[in-house]
Amino acid sequence: CFCQLSGAIDECSCNIDTVDYFNNVKIYPRLKSLLLKDYFRFYKVNLKRPCPFWIDDSKCAMKDCHIKPCPPEDIPDGLKGTEKQKRPPAAGPHPSKKYSKQANEDCTEHHELDYLNKTISEKLQKELQLWEAYDDATDNFCDIDESDEEAEYVDLLLNPERFTGYSGESAHRVWKSIYLENCFRPKTSFSFNPYIQSNKLQELCLEERVFYRSISGLHASINTHLCADYLITKDNSLGLGRAKWGANLDEFQKRFSPENTNGEGPNWLRNLYFIYLIELRALVKAAPYLESEEFYTGNESNDWDTKMAIKDLLSIIKSFPDHFDETTMFRNSEQAQKLKYEFKQHFRNITRIMDCVGCDKCRLWGKLQTQGLGTALKILFSGKFDSMTYNRSLDSHNKKEFQLQRNEIVSLINAFGRLSNSVYKLDDFRQMMR
Ligand code: FAD
């Protein structure tokens with residue numbers, strides 16, 4: 001069976017069997033219940049940003065592409081927090097100085113100084129904020145504006161990632177643009193196929209291969225989901241408007257069997273395991289940070305449960321035997337910094353391309369999963385989560401430097417949840433084929 005994969009995962013020393021066992025028995029059930037919690041259920045996203053690269057003429061009218069809106073009363077109070085902090089009223093002159101002339105002059109002078117101090121500190125504050133934003137932006141692998149006023153909460157449980165029917169020219173244009181324009185390609189590959197043939201991959205350096213394998217793994221995961229949660233029948237026996245969803249083995253074979261994919265399908269599935277290990281490693285690296293996070297939604301007992309569930313998940317993840325070793329990347333070469341810069345720019349571009357996806361539900365999950373992967377890359381490569389610097393800073397309560405935005409945490413855990421789900425579903429397909 002082509003999906004009966006075995007052996008070591010490329011670029012890693014870990015075996016596929018190990019991931020299968022670890023994920024399906026230990027990680028998947030924990031993630032499944034964790035992702036039902038309010039903190040992870042509501043993702044804030046702007047689905048209306050226009051495509052920056054081409055005229056987006058592909059607005060999908062298919063019913064299954066629509067996003068069900070999130071009623072405001074469902075959003076936990078602690079997540080609303082939109083009200084701007086009110087400034088305290090400006091202090092007037094001291095009452096004892098109210099009537100004397102001298103006092104008035106003092107007062108004016110005091111006010112002028114006060115005003116000057118205030119403007120200077122406001123200016124400084126603004127400048128500091130700009131620098132902070134700049135520092136954050138240079139660490140970020142995603143082009144997502146956290147303060148975007150058009151972003152709205154979406155209830156992920158109401159809008160599961162599954163088959164939508166989105167395909168054809170629009171979907172292909174997105175994937176092609178990702179692979180042909182934003183992945184590193186071997187110099188001798190003149191193919192117009194999005195994928196890189198496995199025998200050509202060795203022409204790329206490690207970092208370039210990691211980039212391609214991550215994207216291909218993400219693509220494989222998305223396509224595995226749409227096969228695992230496929231529209232089997234519409235209404236009739238089930239009553240008007242009701243549909244039955246389930247696994248579609250034919251669709252899975254069509255997309256991944258060697259006969260249909262020029263021999264590459266099984267490699268794409270192997271790349272799914274690769275991206276799984278990348279995100280798993282990022283979670284281990286950020287574990288001390290995540291363990292100290294409050295997961296605030298405003299409901300004390302729910303937040304406590306979430307905190308405990310995360311601790312439990314992280315303790316399992318930390319005991320995983322062979323992680324991906326990110327320290328082998330971006331070193332030993334004068335080109336390393338340039339390569340890292342390009343790597344980041346290419347990935348940021350891919351997060352922008354998500355605004356060109358012509359199906360809202362695919363766009364939602366595409367954005368979430370690329371942001372999750374981008375957050376994982378930031379954790380792995382920004383240097384800020386390296387244990388030495390990190391522990392020292394946590395000890396001195398300077399947590400801010402390592403601050404992950406709420407959406408980064410939500411997308412990281414949800415994206416890993418999607419990969420975990422794909423690995424689990426792959427096992428279902430194996431059983432069905434047997
Ligand atoms: P595609 O999946 O469109 O792939 C195009 C080409 O890329 C293939 O012909 C092949 O040459 C190559 N390729 C395929 N897989 C890989 C891989 N893993 N690695 C390397 N190369 C590969 N559809 C849904 O039903 N539900 C969704 O939630 C959904 N989300 C999407 C999210 C995004 C960001 C995008 C761009 C598309 C999404 N789609 C979704 C559409 C789906 O991914 C396919 O594009 C669509 O089903 C058409 O499939 P296809 O067989 O023509 O090949």
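Predicted model: local features only at pLDDT ≥ 70, side-chain atom pairs only at ≥ 80, totals over all residues.
Biologist: Where is E11 found, and what is its phi?

Modeller: Most residues other than glycine have a negative phi. E11 has a positive phi, near 70°, and is found in the segment before α1 (16-34). Helices (H or I, at least four residues) and strands (E, at least two) are DSSP runs, numbered from the N terminus. F330 also has a positive phi, of about 55°, although it is not a glycine. F330 sits in the loop between α11 (300-318) and α12, and its 19 C-beta neighbours inside 10 Å make F330 partly exposed.

Biologist: How many helices and strands does the protein chain have?

Modeller: The chain comes to 15 helices and four strands. Of its 434 residues, 32% are buried. Two residues are in contact if their C-beta atoms, placed from the backbone, lie within 7 Å. Among contacts between residues at least 6 apart in sequence, 79% join residues at least 24 apart.

Biologist: What is the average pLDDT of the protein chain?

Modeller: pLDDT is the predictor's confidence in each residue, from 0 to 100. The chain averages 85, and 80% of the residues score at least 70. Be careful with residues 82-104: pLDDT stays under 50 there, and the model has six contacts beyond four places in sequence for them. For the complex, the predictor gives an ipTM of 0.99 and a pTM of 0.87.

Biologist: Which residues does UniProt list for "active site"?

Modeller: The unreviewed UniProt entry lists C359 and C362. UniProt positions are given in the numbering used here, feature names are shortened, and annotations may be inferred rather than shown by experiment. C359 lies in the loop between α12 (336-353) and α13 (360-381), while C362 is in helix α13. C359 is buried, with 24 other C-beta atoms within 10 Å; for C362 the count is 24 as well, so C362 is buried. Leaving aside neighbours within four places in sequence, C362 is in contact with C65, T164, Y166 and V357.

Biologist: And which residues does the record give for "binding site"?

Modeller: The unreviewed entry lists R162, T164, W175, S216, H219 and R255. Take T164, in the loop between β2 (152-155) and α5. T164 is buried because it has 20 C-beta neighbours inside 10 Å. Beyond four places in sequence, the contacts of T164 include C359 and C362. R255, in helix α8 (residues 249-256), is partly exposed, with 18 C-beta neighbours inside 10 Å. R255 touches N223, C227 and G265, not counting residues up to four places away in sequence.

Biologist: How many residues surround the ligand?

Modeller: A residue is near a molecule if its C-beta atom, placed from the backbone, lies within 6 Å of it. Here 25 residues surround the ligand, and the closest are Y195, S216, W268, C362 and G366. The elements giving two or more residues to this shell are α5 (168-182), α7 (206-228) and α13. Helix α7 gives the most, with six residues.

Biologist: Last one: which residues touch the most other members of the largest nonpolar core?

Modeller: A nonpolar core is a set of buried Ala, Val, Leu, Ile, Met, Phe, Trp, Tyr and Cys residues joined through C-beta atoms within 7 Å. The largest one has 86 residues, and L272, Y276, L277 and A376 touch the most other members. Helix α9 (residues 265-285) provides the largest share, 12 residues. Setting aside residues up to four places away in sequence, A376 touches I278, E279, A282 and L412.

Definitions and conventions. Residues numbered from 1 in each chain as written. Buried ≥ 20, exposed ≤ 12 C-beta atoms within 10 Å, placed from the backbone.
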